[in-house]
Amino acid sequence: MDMYDLIIIGAGPAGITAAVYAARKKMRFLMVSKDVGGQAAWSGDIENYTGYQFISGPELVHKFEEHMRTYSIDLKEGEAVSGILGSGDSFTVQTQTSGWQSKTLIICSGKRSRELGVSGEREFRNRGLTYCATCDGPLFSGKDVAVIGGGNSALDAALQMMRIARKVYLINNTAGLEGDAVMREKVAQSPIVTVVNDARVVSVQGEKMVSGLVIDHGGKQRLLGVQGVFVEIGLIPNSEFISGIEKNPLGEIIVDKYNQTSIPGIFAAGDVTDVPEKQIIIAAGEGSKACLSVFRYLAKQSSS
Amino acid sequence: MGKNVKVYSTPTCPYCVRVKQFLKDNNVVFQDMDVSVNQAMAAEMISKSGQMGVPVLDIEGTIIVGFDKGRIQQALEI
């Protein structure tokens with residue numbers, strides 16, 4: 001089997017930036033990823049990526065990819081990593097269908113949507129229940145919908161839906177909404193949005209498609225007639241495929257300031273790590289830092 | 001020979017963008033059905049695919065949900 005200098009797992013802002021640096025350092029490297037763009041591709045409006053006053057998630061990802069493709073990059077897209085074997089100077093990255101060997105790794109597999117874990121959730125996924133308001137929101141124009149969550153992503157979904165839906169319930173399991181004050185005010189002012197605090201989702205109902213949501217509100221069960229359910233209850237790190245590495249209680253991979261993990265030769269960057277603050281620009285910066293650390297690590301290995 | 005290909009999509013969904021780019025890269029001509037502005041098209045997509053997630057491809061009657069590269073290649077024989 002061929003031995004790469006570096007395998008980058010994930011192709012979001014961290015992975016793509018790492019790839020650009022690796023290409024410029026002329027490393028022998030490979031990228032393995034389920035998709036391109038990661039969570040950034042699912043973002044709505046981005047107004048805090050330096051150099052762009054305003055850009056949409058898909059557009060920014062397109063720019064990232066365009067930049068990356070100016071170099072000749074070997075990207076295995078549509079491959080989910082199932083495990084990592086080895087240690088020291090040789091690691092094997094396994095997917096369902098293939099395996100590749102490398103001297104070092106950068107894990108930038110990001111995060112994914114947390115699920116509710118209630119009955120009806122799996123059955124009605126894409127049948128009225130969605131984790132991506134940005135993508136599927138327009139299909140619910142004129143309908144009654146429920147957004148589950150109380151943070152920024154739930155507020156963002158509620159703001160998107162209040163422009164097109166007939167009625168929006170915002171189901172929050174704490175005493176009051178969190179998230180940015182500006183967004184909370186907009187939601188509070190909308191005659192379309194009804195905020196239900198201290199409420200827990202019990203089940204998603206329907207026949208072929210979603211027709212209702214059962215919530216527990218103060219010990220009483222209520223059935224809300226909705227055709228759409230938007231789950232926005234946070235994110236969990238895609239770190240299950242690697243074991244024997246130090247993670248924090250959230251499952252995030254612990255890295256030092258050089259992006260080194262607890263296993264020498266394995267580096268990590270972006271939202272899958274315990275880096276404080278999860279932002280596109282931070283993930284991109286961490287990706288570049290991780291790649292430069294790999295470069296130094298390899299130089300040291302070959303000189304010793 | 002060109003097959004009749006329809007892509008039901010919204011402008012904001014990343015997999016829609018990728019599926020369309022993939023078709024363009026392979027010189028496949030397709031009809032872009034923006035379901036965010038046309039309710040009739042949205043209803044057509046839901047009845048064809050039995051679900052509400054985008055993108056949906058209709059390749060000569062073969063319905064493919066999501067950016068499933070393998071199945072798309074198979075249906076297009078590319």
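Predicted model: local features only at pLDDT ≥ 70, side-chain atom pairs only at ≥ 80, totals over all residues.
Chain A is divided by the domain assignment into two parts. Domain 1 is made up of residues 3-113 + 235-303, and domain 2 covers residues 129-231. The centres of domain 1 of chain A and domain 2 of chain A, taken over C-alpha atoms, are separated by 33 Å.

Two pairs of packed helices were examined in chain A. In one pair, helix α1 (residues 13-24) of chain A packs with helix α2 (residues 57-69) of chain A at an angle of about 20 degrees, and their axes are 9 Å apart. Because angles under 35 degrees count as roughly parallel, α1(A) is described as roughly parallel to α2(A). The contact is formed by Pro13(A), Ile16(A), Ala19(A) and Val20(A) on α1(A), together with Phe64(A), Glu65(A), His67(A) and Met68(A) on α2(A). By class, this contact of α1(A) with α2(A) contains 6 nonpolar, 1 polar and 1 charged residues. The crossing of α1(A) past α2(A) is left-handed.

In another pair, helix α4 (residues 152-162) of chain A and helix α5 (residues 181-189) of chain A cross at roughly 40 degrees, and their axes come within 10 Å. This angle makes α4(A) oblique to α5(A). The crossing of α4(A) and α5(A) is left-handed. From α4(A), the residues Asn152(A), Leu155(A), Ala158(A) and Leu159(A) meet Met183(A), Arg184(A), Lys186(A) and Val187(A) of α5(A). The contact of α4(A) with α5(A) comprises 5 nonpolar, 1 polar and 2 charged residues.

Chain A also contains an open sheet of 3 strands, in the order β14-β15-β16, with antiparallel pairing. The edges of this sheet are β14 (199-206) and β16 (220-224) of chain A; each has a single partner strand, so one side of each is left without a neighbour in the sheet. From one strand to the next, the twist averages 25 degrees. Strand β15 (residues 210-217) of chain A runs antiparallel to β16(A), and 5 bridges join the two. Val214(A) stands opposite Leu223(A), a residue of β16(A).

In chain B, an open sheet of 4 strands has the order β2-β1-β3-β4, with mixed pairing. Here β2 (31-34) and β4 (62-65) of chain B stand at the edges, and each has a single partner strand, so that one side of each lacks a neighbour in the sheet. The twist in this sheet averages 20 degrees from one strand to the next. Strand β3 (residues 56-59) of chain B pairs with β4(B) in the antiparallel sense over 4 bridges, and Val56(B) stands opposite Val65(B) in β4(B).

Helices of chain B are placed against these strands. Helix α1(B) lies across β1 (5-9), β2 and β3 of chain B, and runs at about 160 degrees to β1(B). Helix α3 (residues 69-76) of chain B packs on the sheet and touches β3 and β4 of chain B, its direction making about 160 degrees with that of β4(B).

The two chains meet in an interface in which 15 residues of chain B are in contact with 17 residues of chain A. On the side of chain B that touches chain A, α1 (14-25) and α2 (39-49) of chain B each supply at least two residues. By class, that side of chain B has 7 nonpolar, 7 polar and 1 charged residues.

Note on methods. Residues numbered from 1 in each chain as written. Chains lettered and ligands numbered in written order. Contact = placed C-beta atoms within 7 Å. Nonpolar A, V, L, I, M, F, W, Y, C, P; charged D, E, K, R; others polar. Domains from an automatic or database assignment. Axes fitted to C-alpha atoms, helices over the stretch in contact; angles between N-to-C directions. Parallel < 35°, antiparallel > 145°, perpendicular 65-115°, else oblique. Left-handed = near helix turned anticlockwise from the far one by under 90°. Pairing = 2+ DSSP bridges.
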